[in-house]
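Dear colleague,

Please find the structure below, followed by an account of what was found in it.

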Amino acid sequence: MNILVTGGSSGLGKSIVEKLCSDKKNHIYFTYNNSIENSENICSKYPNATSIKCDFTNDSELNEFIENLKNLNINILINNFYSWPKDPLMPGTFLTKNFHKMDQNIFIDEFKNNIIPNILITQAAIKYFRIKKSGKIITILSS
């Protein structure tokens with residue numbers, strides 16, 4: 001079975017990838033953005049893992065990834081990635097203040113960087129699953 005895990009080089013995604021790789025019948029594709037060392041470690045440990053570099057906040061990289069999705073022949077898509085805020089005052093967390101005090105631009109960036117790519121990737125996967133007449137989608141939202 002071919003499985004794609006977005007955001008699979010660290011955290012929960014890495015655990016998912018490693019668990020899925022333990023079944024040698026699976027081929028696991030996973031994406032990473034900044035965690036190249038983690039990605040290389042996973043691929044060296046599991047020969048049935050393939051990493052794909054993609055910054056989902058970069059429109060050209062996202063579009064290229066979506067265009068190449070059909071070549072992976074996936075059976076399952078696991079949406080797991082999260083793009084950390086670029087604001088140095090918000091490293092690795094979305095809500096750093098009381099909800100009612102947050103600037104609306106933080107919500108707009110969060111939506112643009114995490115929800116829209118998730119929707120686009122899912123739409124592309126559905127397109128290929130319909131052709132194959134099968135497929136599964138799991139989405140994990142951590143923010």
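Lysine 133 is found in the loop between helix 4 and strand 5 (136–139); helices (H or I, at least four residues) and strands (E, at least two) are DSSP runs, numbered from the N terminus. This is a predicted model, in which local features need pLDDT of at least 70 and side-chain atom pairs count only at pLDDT 80 or more, while totals for chains, interfaces and linings use all residues. Residues are numbered from 1 along each chain as its sequence is written, and side-chain values use heavy atoms, leaving out hydrogens and water.

Most residues other than glycine have a negative phi. Lysine 133, although not a glycine, has a positive phi of about 65°. Lysine 133 counts as exposed because its relative accessibility is 74% (buried means under 20% relative accessible area, exposed over 50%, partly exposed in between; 1.4 Å probe, protein chains only). Asparagine 73, also not a glycine, has a positive phi of about 50°. Asparagine 73 sits in the loop between helix 3 (59–68) and strand 4 (76–79) and, at 43% relative accessibility, is partly exposed.

The structure also holds two aromatic pairs (rings of Phe, Tyr and Trp, the last by its six-membered ring, pair if their centres lie within 6.5 Å; planes under 30 degrees apart count as stacked, over 60 as edge-to-face and the rest as tilted). Phenylalanine 56 and phenylalanine 65 form an edge-to-face pair, 5.5 Å centre to centre with 80° between the planes. Phenylalanine 56 and phenylalanine 81 form a tilted pair, at 4.3 Å and 45°. Phe56, Phe65 and Phe81 form one aromatic cluster.

Yours sincerely
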